[in-house]
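Please read the points below alongside the model, which is shown first.

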Amino acid sequence: MAVIALEDLGKIYPDGTRAVGQVNLTIKDGEFLVLVGPSGCGKSTVLRMIAGLEDITEGKLSIGDRVVNDVPPKDRDIAMVFQNYALYPHMTVRDNMAFGLKLRKMPKADIEARVQEAAETLEITELLDRKPKALSGGQRQRVAMGRAIVREPKAFLMDEPLSNLDAKLRVQMRAELSRLHHRLNTTTVYVTHDQIEAMTLGHRVAVMRPVSGKRPYNLQQVAPPTELFNNPVNLFVAGFIGSPSMNLSYGTIDKTDEGYTATFANHTIAIDQESIDRHPGIDDYIGKQIVIGIRPGAFEDARIVDPAPGRTMSVTSDVNELLGSETYVHFLVDSQPVVTPDIEELLADAGTDVGSLGDKTKFTARISPDVDVPDGSSLDLVVDTTKLHFFDVDTSDKIGSVQAGQA
């Protein structure tokens, strides 16, 4: 196992296009770190630079105590698992797993021992004599994992290995990958565009965003999944992490003798002190326009919980989705639009509706399935005001954040 250190890592292609800029990241020994972000954010390029499949234009890359900028891929002692499995169709599972070891001219007995051990770990022993065409997608993915495991590398690099699987199998394979990492405890870097995969697999998650002329760096925030969800450092992370995504609206904060209130979406809501404490310096924004965010899970139907004074919103449902364990209520509220092209760019990068901060703002509430909410009906929603998020309109950073911008 090994520590992988990226220092001011950058990639500029010959035509001048910058794909990666100023990535500073240390992946701990035995850590499972996930690189997540929308298409074009540079996550696969970073992975390929670690693997040695892309030249490094700027900065330094170390694996263990060795700088590997100019070290060929075969000498980096890493194993990569690809999206398309890359199995040899004419070879059996056993031969596919053993092929890399044969090229290293390892003794036959050692090769067989490693293949058997990996097959038992992955529960594919009975598949060793089959060829890839006789395997399901999940079985092929396990074989690709087995081929990496037998090498006993310092680190695993995985480039969207589950994206070709159906939804049910992806859930199953996520659990298998977690169990496998607990067993092997090998440093792992995992690339995905699926934030659910990132949140369920990663010890830490690095959220990346495409570079631009004004912002020559990709990395937005590196933190454990719960920290990303509860304390996003800017609007990009807030909009990208979470499903459904965070509700956002323009609004203002006011302070009275009774405490703080937030006015947004044509409602004035009393704010709990916990939200204030998470935003040091909020008093500097009193009466100024900000962006206010609230997760869908911070709502509940007033028929389920008793609201504290000043903490309800009366809305009219637009479309409802009953999922069995929860109900999503979609509704429209009035917002206060301002001209903020930087925020629109941020939300577009994150895959959030650019028009979500217009005259009519789309909100989603995740509530109990125990109450009936017909489409078009009126209901009172209780707001958990300990979970409000406040962002600066000009910088898009979370108010009071000490980690905003480059992570």
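**Notes on the predicted model**

1. Strand β1 (residues 4-12) and strand β4 (residues 58-63) pair in the antiparallel sense over 5 bridges, pairing being assigned if DSSP finds at least two bridges between two strands. The open sheet has 4 strands in the order β2-β1-β4-β5, with antiparallel pairing, and its edge strands, β2 (18-27) and β5 (66-67), each pair on one side only.

2. On provenance, this is a predicted model, in which local features need pLDDT of at least 70 and side-chain atom pairs count only at pLDDT 80 or more, while totals for chains, interfaces and linings use all residues. Residues are numbered from 1 along each chain as its sequence is written, and side-chain values use heavy atoms, with hydrogens and water left out.

3. For the protein as a whole, the secondary structure comes to 10 helices and 20 strands, and the C-alpha trace spans about 80 × 45 × 35 Å along its principal axes. Of the 407 residues, 53% count as buried, where buried means under 20% relative accessible area, exposed over 50%, and partly exposed in between (1.4 Å probe, protein chains only). Among contacts with a separation of 6 or more, 73% come from residues 24 or more positions apart, a contact being heavy atoms within 4.5 Å.

4. Strand β9 (residues 204-208) deserves a separate look, since 5 of its 5 residues are buried. In a regular strand the side chains alternate between the two faces of the sheet. Here both faces are covered, with R204, A206 and M208 buried on one side and V205 and V207 buried on the other. Strand β3 (residues 32-36) pairs with β9 in the parallel sense over 4 bridges, and V34 has V205 as its bridge partner in β9. With strand β10 (residues 219-223), β9 pairs in the antiparallel sense, also over 4 bridges, and A206 stands opposite V222 in β10.

5. Leaving aside neighbours within four places in sequence, V34 is in contact with Y190, T192, A198, L201, G202, R204, V205 and A206.

6. Where does the largest pocket draw its lining from? The elements that give two or more residues are β6 (78-81), α2 (93-103) and α4 (137-149), and α2 gives the most, with 5 residues. The pocket has a volume of about 460 Å³ and is lined by 20 residues, of which A79, M80, F82, R147 and R151 lie nearest its centre. On a 1 Å grid over the protein atoms alone, a pocket is an open set of points with protein on both sides within 12 Å along at least five of seven lines, a cavity is a set where a 1.4 Å probe fits but cannot get out, and lining residues have an atom within 4 Å of a point. Grid points are joined across faces, edges and corners, and a volume is the space filled by probe spheres set on the points. The lining divides into 14 nonpolar, 2 polar and 4 charged residues, with Ala, Val, Leu, Ile, Met, Phe, Trp, Tyr, Cys and Pro counted as nonpolar, Asp, Glu, Lys and Arg as charged, and the others, Gly among them, as polar.

7. Q141 is placed in helix α4, and it counts as buried because its relative accessibility is 1%. Not counting residues up to four places away in sequence, Q141 touches V81, F82, Y85, P161, L162 and M173.

8. The structure holds 1 cavity of 30 Å³ or more, and about 60 Å³ of space lies in the largest cavity. Its lining has 7 nonpolar, 3 polar and no charged residues, and α5 gives the most to it, with 4 residues.
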